[in-house]
Amino acid sequence: MTLLPIASQGPMEEHMPETTLKIEGARFVITMDEDRRIIRDGGVLIEGSRIVRVGKSADLANVAADRVIDAEGMVVAPGLINGHMHISYAHATRGIFPDSLGSNYLPNVFRLQGEMTAEEEYLTSLLGITELLKYGTTTFIDPGSTKFLDAGLRAYEQSGCRVVVGAHVTDLPNPVNLPVYETDEAIDVVGRVIRDYDGALEGRVRAWAMPFGPNFATPRLLQESKRLADEHGVSLTLHFNNSASYVDSCLRDTGMRPSQYLESLGVLGENVVLSHTLGLDQSEVETLARTGAKVVAVPTAAVKSGYGMTAGSSGAAPGGLLPEMLEAGITVGIGTDAGNNSNLIETNRAMYLIAVLYKDARRSATAITAETALELATISGARALGLGDEIGSIEPGKKADLTLYDTRRVEWATLFNPVNSLVYNADGRSVHTVVVDGRVVVEDHAPLFVDEKALIEEVQAVGESMLARTGLSFPTTWPLV
């Protein structure tokens, strides 16, 4: 982890939100409030960075505002929340890995990232964030993989996104080319990142403890990371994608399954977020529920890599246990992983996958409903991040993170049930306007903070340079002529 002073990167202009912003005439406002109200002909009034009123447009008609957005034909929903998205490296070499690469995927990922400069990581991060915002995701967790966090901070400031960051440290040898720290150094990095970055950019940046995963960390690193999270009032997140071999080794070495092992170390709790959460059994679901640990499901990565999102390694029912986690009352969010793993990072499409995969696996159309899928991408996802009082729904007092979908597009036709249409028909192509912290960052389908075409060209050049510097090459299955 290299930490550069922000001044060395050049200061970015801070864009202040409109003093007052009114959205009026929306076809529907999906509030995700406690009653899950959907308001026809709705409106939202924002002062500074917070929502102050939500209701019928007629009730807000006489309220003046510095700026008014005509939302005719729009569905207004909370900004989507992506609970696991490696933002900083993937877009530069997106799509290069063949399906046959298998377990060699991660070693190549981190070998390529090891070559990145701070400026390259800034450009690649900005492109990833641009895609997220343009398609309606306003908040995401980067689970510790950004090397140059100050370069990342430039991208977060410029784009106006809301983000959780950290440093994914390890202190055990690992097969995926992650740097191995001495334990004391790893603990110091975790604490230093939390102290230096938590609350940055007027609170839009949060910093957590992020040891990579329990299989690459000593008990002391895991325990000290949890202590630091507790001490600073933040959370801890782990990669928790448990292969059959790791489960077997955990049982052999500790006599416990992975979730019980973490509990025995005192590492589980309400401020712990476990990502992927594959390879669990029902006893582990009960452990997570009892300790209050949160979960982020990552369907995009699981199904592309064949990890068994809904089927166990033997293919035997019931397989993946996400419905059981929800039934047990575990707080669940969704993520997409990286742009060169799952390849797609659009939270809307991950929401669709969550809504349909378990229907097929369980042969039940109600296994996970559209309403549940939308909750996972909004209010439940916010609660998983410890931000349920701030974001995830459209309510007075909450931060103004909103996405406006243009329903005058063919994928929205015909519209009767806006939740069904948002989850099953729509995707990011219909996102017209995005507001984060009261500031409009996407308007008329275009990001306002960057020249998108020029950025794409710059990142293409970064990727070509990285492949040349590393000598890596992954030929296409079919000939390029």
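How are α13 and α16 oriented to each other, roughly parallel or roughly perpendicular? The legends below take up this question first and then turn to other close-up views of the structure, which is a predicted model.

**View 1. Helix α13 packs against helix α16.**
In this predicted model, α13 and α16, the latter a helix of residues 418-425, pack at an angle of about 95 degrees, and their axes lie 7 Å apart. Because angles from 65 to 115 degrees count as roughly perpendicular, α13 and α16 are roughly perpendicular to each other. On the side of α13 the contact is made by N348, M351, Y352, A355, V356 and K359, and on the side of α16 by L422, V423 and Y424. By residue type, this contact of α13 with α16 divides into 7 nonpolar residues, 1 polar and 1 charged.

**View 2. The largest nonpolar core and a second, separate one.**
The largest nonpolar core of the model has 139 residues, and those with the most contacts inside it are L133, Y156, I354 and L422. Helix α4, which covers residues 118-134, gives this core its largest share, namely 8 residues. In soluble globular proteins, nonpolar side chains tend to be buried together. Returning to L133, its contacts beyond four places in sequence are T138, S159, C161, V434, V436, V441, V442 and F449.

**View 3. The open sheet of β6, β7, β8 and β9.**
Here 4 strands form an open sheet in the order β6-β7-β8-β9, and the pairing is parallel. The edges are taken by β6 (80-82) and β9 (205-207), and each has a single partner strand, so one side of each is left without a neighbour in the sheet. Neighbouring strands of this sheet are turned against each other by 15 degrees on average, direction ignored. Within the sheet, β7 (residues 137-141) is joined to β8 (residues 162-165) by 3 bridges, and F140 stands opposite V163 in β8. Helix α4 lies across β6 and β7, and it runs at about 130 degrees to β7.

**View 4. The open sheet of β10, β11, β12 and β13.**
Another open sheet is formed by 4 strands in the order β10-β11-β12-β13, again with parallel pairing. Its edge strands are β10 (236-241) and β13 (332-334), each of which pairs on one side only. From one strand to the next, the twist of this sheet averages 25 degrees. Strand β11, residues 272-278, is joined by 3 bridges to the parallel strand β12, residues 294-297, and L274 has V295 in β12 as its bridge partner. Helix α7, made of residues 219-232, lies across β10 and β11 and runs at about 140 degrees to β10.

T336 is found in the loop between β13 and α13 (347-362). Is T336 buried or exposed? Its relative accessibility is 0%, and because buried means under 20%, T336 counts as buried. Leaving aside neighbours within four places in sequence, T336 is in contact with N82, H84, M85, V298, T300, A301, S342, L344, I345, E346, T347 and A350.

**View 5. The hairpin of β2 and β3.**
Strand β2, residues 38-47, and strand β3, residues 50-56, run antiparallel and are joined by 6 bridges. E47 has R50 as its bridge partner in β3. The hairpin has 2 residues between the strands, and G48 takes a positive phi near 60 degrees.

Helix α5, residues 149-159, is mostly covered, with 11 of its 11 residues buried. Just after α5, G160 takes a positive phi of about 80 degrees. K453, by contrast, has its place in helix α17 (residues 452-470) and is exposed, with a relative accessible area of 58%. Between K453 and R154 the separation is 299 residues in sequence and 19 Å in space, C-alpha to C-alpha.

Conventions
Residues are numbered from 1 along each chain as its sequence is written. This is a predicted model: local features need pLDDT of at least 70, side-chain atom pairs count only at pLDDT 80 or more; totals for chains, interfaces and linings use all residues. Side-chain values use heavy atoms; hydrogens and water are left out. A nonpolar core is a set of buried Ala, Val, Leu, Ile, Met, Phe, Trp, Tyr and Cys residues joined through side-chain atoms within 4.5 Å. Buried means under 20% relative accessible area, exposed over 50%, partly exposed in between (1.4 Å probe, protein chains only). Contact means heavy atoms within 4.5 Å. Two strands pair if DSSP finds at least two bridges between them. Axes are lines fitted to C-alpha atoms, for helices over the stretch in contact, and angles run from 0 to 180 degrees between N-to-C directions. Angles under 35 degrees count as roughly parallel, over 145 as roughly antiparallel, 65 to 115 as roughly perpendicular and the rest as oblique. Ala, Val, Leu, Ile, Met, Phe, Trp, Tyr, Cys and Pro count as nonpolar, Asp, Glu, Lys and Arg as charged, and the others, Gly among them, as polar.
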